[in-house]
Amino acid sequence: MEDRILEIWIVFTAMAVIVAISIVIKENNKPHIKESIYSESTFNIRTDFSKNQIPEFQFTNQYSEVVTQHTFKDKIYVADFFFTRCPTICPLMSGNKFRIQQAFKNNDDILLLSHSIDVAGDSIPILLEYANRVGAIKDKWHLVTGDYDAIYDIAKEYYVTAQEDDLNDGSFIHDGSFILIGRDRTIKGIYDGTDRVSTTKLIAHIKSILK
């Protein structure tokens, strides 16, 4: 009788060991899911943007002209980031950017600079077509493209969130900021480019600098 009980105990113990080993193997073979975590440190954001001088850059505008810091030398300009296929905030931003352009239409010291974050999709002809559609004046409002890294690196200097959308192929994540840059190449203010009231405040700020 005792031998029979011992035999049953050994069988059950062996079965338990087999089940445990199977669970371990199954867990180890599960695909590893990597979470994408975005934080301020990802963008190397400085704490005091007023001390951040925009570095040298080189892009190409809608007329195939080279645009550099020299283009904006001793000028005040408003920078932003967009892409022509954007169906949400970009039309609002373009409308408010047009308002800024019209407010300083006859002042050569005020320029506009819009960076396309769709480097692959927004070719020069597409940028020119878009510029004509939104009423951009030549030599006043530059819509530019350039090297992928150069565009995304300069976005960090302007304190703008700009990145490809990992969850939606062919789409992008960016904010609607208008960044006011002074003659000394430092940021004087950041405004909501999707908001009419905020844009009005930006125009007033530019006028105060000109006094």
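Predicted model: local features only at pLDDT ≥ 70, side-chain atom pairs only at ≥ 80, totals over all residues.
Figure 1. The side chain of Asn61 reaches the backbone nitrogen of Tyr63 at 2.9 Å. The side chain of Asn61 is also joined to that of His142 by a polar contact of 3.2 Å. Tyr63 takes part in a further arrangement, in which Lys138 lies over the face of Tyr63 at 5.0 Å from the ring centre.

Figure 2. Six aromatic pairs are present in the structure. One of them is formed by Phe57 and Phe59, whose rings are 5.6 Å apart from centre to centre, with 20 degrees between the planes. This pair counts as stacked, because the planes are under 30 degrees apart. Phe57 and Phe59 are both buried.

Figure 3. What does a search of the whole structure find among cavities of 30 Å³ or more? The search finds one such cavity. The largest cavity holds about 50 Å³ of space. Its lining consists of Asp80, Phe82, Cys90, Met93, Ser94, Lys97, Ser114, Tyr130, Trp141 and Leu143. Two or more of the lining residues are given by each of β3 (76-82), α2 (89-103) and β5 (141-144). Helix α2 supplies the largest share, with four residues. By class, the lining of the largest cavity divides into six nonpolar, two polar and two charged residues.

**Figure 4. Lys97 and the ring of Phe178.** Lys97 is one of the residues that line the largest cavity. The charged end of Lys97 sits over the ring of Phe178, at 5.5 Å from the centre of that ring.

**Figure 5. Helix α4 and the residues at its ends.** Helix α4 spans residues 148-157, and Ile151, Tyr152, Ile154, Ala155 and Glu157 in this helix are buried. Which residue caps the N-terminal end of α4? The cap is Asp147, which places a side-chain oxygen 3.1 Å from the backbone nitrogen of Asp149. After the helix comes Tyr159, with a positive phi near 65 degrees. Val160 is placed in the loop between α4 and β6 (162-164). Val160 is buried, because its relative accessible area of 5% is under 20%. Val160 and Phe81 are 79 residues apart along the chain, and their C-alpha atoms are separated by 7.8 Å.

Figure 6. Most residues other than glycine have a negative phi. Asp74, a residue other than glycine, has a positive phi near 60 degrees. Asp74 has its place in the loop between β2 and β3. Is Asp74 buried or partly exposed? At a relative accessibility of 48%, Asp74 counts as partly exposed, because that value lies between the limits of 20% and 50%. Asp139 is likewise not a glycine, and its phi is positive, at about 70 degrees. The loop that holds Asp139 lies between α3 (124-134) and β5. Asp139 has a relative accessibility of 46% and counts as partly exposed.

**Figure 7. Tyr191 in strand β9.** Strand β9 covers residues 187-192 and contains Tyr191. Tyr191 has a relative accessible area of 16% and is therefore buried, the limit being under 20%. How many residues separate Tyr191 and Leu180 in sequence? The two are eleven residues apart in sequence, and their C-alpha atoms are 8.0 Å apart in space.

**Figure 8. Overall arrangement of the protein.** The protein has five helices and nine strands. From the N terminus on, the order of these elements is α-β-β-β-α-β-α-β-α-β-β-β-β-α. The protein has 211 residues, of which 39% count as buried.

Methods:
Residues numbered from 1 in each chain as written. Heavy atoms only, no water. Phe/Tyr/Trp six-rings, centres within 6.5 Å; stacked < 30°, edge-to-face > 60°. Buried < 20%, exposed > 50% of the residue type's maximum accessible area, 1.4 Å probe, protein only. Lys NZ or Arg CZ within 6 Å of the ring centre and 35° of its normal. 1 Å grid on protein atoms, 1.4 Å probe; cavity = no way out; pocket = protein on both sides within 12 Å on 5 of 7 lines; lining within 4 Å. Points joined across faces, edges and corners; volume = space filled by probe spheres on them. Nonpolar A, V, L, I, M, F, W, Y, C, P; charged D, E, K, R; others polar. Polar contact = N/O pair within 3.5 Å; in protein donor to acceptor, adjacent residues only side chain to side chain.
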